[in-house]
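The questions below are meant to be read with the sequence and the 3D view side by side. Try each one yourself before reading the reply.

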Amino acid sequence: MAIDQKVQDYKKMLDLFPNAQEKYQYLIEQAKDNTNFPEELRNDNFKVSGCQSQVWLIPEEKDEKVYFMSDSDALIAKGLVTLIASIYSDETPEDIINSEIDLMEEFELGVILSPARRNGAFNMLKLIKDYAVKLKKA
Amino acid sequence: MSEFVDIKKDFPIFNREINSKKLTYLDSGATAQKPQIVIDAMNNVYTNTNANVHRGTYVLSAETTQLYEDVRKKCKKFLNAYSSDEIIFTKGATEGFNFLANSISKKYLKPGDEILLTEIEHHANIIPWQMVAKQYDLQIKYIKIDENFSIDLDDLKEKISTKTKVVSITGESNLSGLLPDIKLISTLVKENSDALFILDGAQLVPHRKVDVQALGIDFILFSGHKLLGPTGIGIVWGRLDLLNELEPVSGGGDMIEEVYYDRATWAPVPHKFEAGTPPYVEAIGLGAAIDYLENITMEKVSQHSDTLRKYAQGIFSDIDRVNVIHTNEEFAGCTFSMYVDQIHATDISLMLDTYGVAVRAGHHCVQPFHRKLGIDATFRATGYIYNDENDLDVFKDALLSSIEMLG
């Protein structure tokens, strides 16, 4: 499924929740379902900088497509990175690089996607594109 | 409490709703909300009198200069300083520390001299010293904090010596609410060394009457924005004899007497430390904030803080899974840092926000002490004059619900 389509699907899902609390609750559920991150890779090499909590993001390449594994020590941040990882997983590096969709704009997630100075979400997205660029070159 | 019942009405921000809930603001330790009179005072300058200070020979400049210099007098009275020339305007407490660290090191310190801080200092009272220590080959020592989150006086006595040239400590901890006995500590410092004694007043000055003469200190600094005033303005107070000796660390307009192509001479204290156009509008806003607090009286402000703190201690004392970092001393500020077993502090603060409750999450610029306690982050509730018992109840209920949701 194209990145844009996945974003639209998540957007529809998030719009179903009438308030921030229920949106966070949804992210918490996503976080709790995400249990496959290898403990030994919770290290600084895969850490996303600028997050208030610790967030890890790791790319894997399989059959010319990229897949991301993600984790965080905070639940809401983990839910967010889980969702972002799923949007950009099962895609080619090219499609990730060319995707121009503005997640911050599309998802109304209040303070967690606000354009703050230490915007962890922005860094998560940047890292995904950086990985895609590296994988394309390799 | 009666004086404080309607106080929220003076602060327009409390008309706001957050996530369809009434705002419960418990982050005054980071910055305080502003009463309408502060906003009006600043609007008045821009609307009616704006002109650069100390420069123009015309009505507007004279009026603005008068308003600006009047704030120095207000600060003198507010702190019981010896002279209004001892009041230096800065951008804030952090700039104040950078100024003092640089100016004092340049004038008084030599390689091997020691600077004594405590383990619980704000980064603004650590990093400027680390920077000058590297430059001038100085030693920094940290006085231990004991299990009650109080300053270990025995450790202080052990670490202070004739090599100690600066002692710089917080007047009120932004983490645990600790109110060190400044008079006792300044006496100990003077008895055992000839060190300069600097008090970080960032959290103290908004809540307590500070009398610089009675405390026996050499310098104090604070920010305007934690004191109901605007951002971008702070105060360094220093003893006049010391200020006369210290050299400026910033050069430019407003701080000079005579300038030649090859040299310059400085204006008298305090102006020699105030290079460039000062934040005069912000200073005038700070003056209005001081008027507001003095009108209530600092005595009642501190009583209110004590009342809130006792109430908070009662309701926070026994919440399942919640660990509270707060001093056990009889007197303390209304500052409570907390962490919940197995739940990240940012999750708690994001969840609290959905109830309209604003608290700070993170290390509150006290990273080394968090590291010492073995905690990544805490969330912190701080109370100020516009808070009441109901705010604390709302916070506690929201906290219980948040913990339940986060599991």
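Q: Does T297(B) count as buried or exposed, judged by its C-beta neighbours inside 10 Å?

A: The model is predicted, so to speak, throughout: local features need pLDDT of at least 70, side-chain atom pairs count only at pLDDT 80 or more, and totals for chains, interfaces and linings use all residues. Residues are numbered from 1 along each chain as its sequence is written, while chains are lettered from A and ligands numbered from 1 in the order in which they are written. A residue is buried if 20 or more other C-beta atoms, placed from the backbone, lie within 10 Å of its own, exposed if 12 or fewer, and partly exposed in between. Because T297(B) has 12 C-beta neighbours inside 10 Å, this residue counts as exposed.

Q: Where is T297(B) placed, and what is its phi near?

A: T297(B) sits in the loop between α9 and α10 (298-316) of chain B, where helices (H or I, at least four residues) and strands (E, at least two) are DSSP runs numbered from the N terminus. The residue is other than glycine and yet has a positive phi, with a value near 85 degrees.

Q: How does N80(B) count by its C-beta neighbours inside 10 Å?

A: N80(B) lies in the loop between α2 (59-79) and β4 (87-90) of chain B, and although N80(B) is not a glycine, its phi is positive, at about 55 degrees. The number of C-beta neighbours inside 10 Å is 14 for N80(B), so the residue counts as partly exposed.

Q: What is the handedness of the crossing of α2(B) and α9(B)?

A: The axes, which are lines fitted to C-alpha atoms over the stretch in contact, with angles that run from 0 to 180 degrees between N-to-C directions, come within 9 Å for α2(B) and α9(B) and cross at roughly 45 degrees. Angles under 35 degrees count as roughly parallel, over 145 as roughly antiparallel, 65 to 115 as roughly perpendicular and the rest as oblique, and α2(B) and α9(B) are therefore oblique to each other. A crossing is left-handed if the near helix is turned anticlockwise from the far one by less than a right angle, and right-handed if clockwise; that of α2(B) and α9(B) is left-handed.

Q: How do the residues of the contact of α2(B) with α9(B) divide?

A: Two residues are in contact if their C-beta atoms, placed from the backbone, lie within 7 Å, and those making this contact include L67(B), V71(B) and F78(B) of α2(B) and I284(B), G287(B) and I290(B) of α9(B). Ala, Val, Leu, Ile, Met, Phe, Trp, Tyr, Cys and Pro count as nonpolar, Asp, Glu, Lys and Arg as charged, and the others, Gly among them, as polar. The residues of the contact divide into 10 nonpolar, two polar and three charged.

Q: How many of the residues of α11(B) are buried?

A: Helix α11 (residues 345-353) of chain B packs against helix α13 (residues 389-406) of chain B at an angle of about 120 degrees, with the axes 9 Å apart, which makes α11(B) oblique to α13(B). Among the residues that α11(B) gives to this contact are I348(B) and L352(B), and the crossing is right-handed. α11(B) is mostly covered, and the buried count is nine of its nine residues.

Q: What share of the residues of chain B count as buried?

A: The secondary structure of chain B comes to 13 helices and 17 strands. Its radius of gyration, taken over C-alpha atoms, is 22 Å, close to the 22 Å that the globule rule gives for 407 residues, so chain B is as compact as a globular protein of that length; the rule is 2.2 Å times the number of residues to the power 0.38. Of the 407 residues of chain B, the share that count as buried is 50%.

Q: Which element gives the largest share of the side of chain A that touches chain B?

A: In all, 15 residues of chain A are in contact with 12 residues of chain B. The elements that give two or more residues to this side of chain A are α2 (20-33) and α3 (75-88) of chain A. The largest share, five residues, comes from α2(A).
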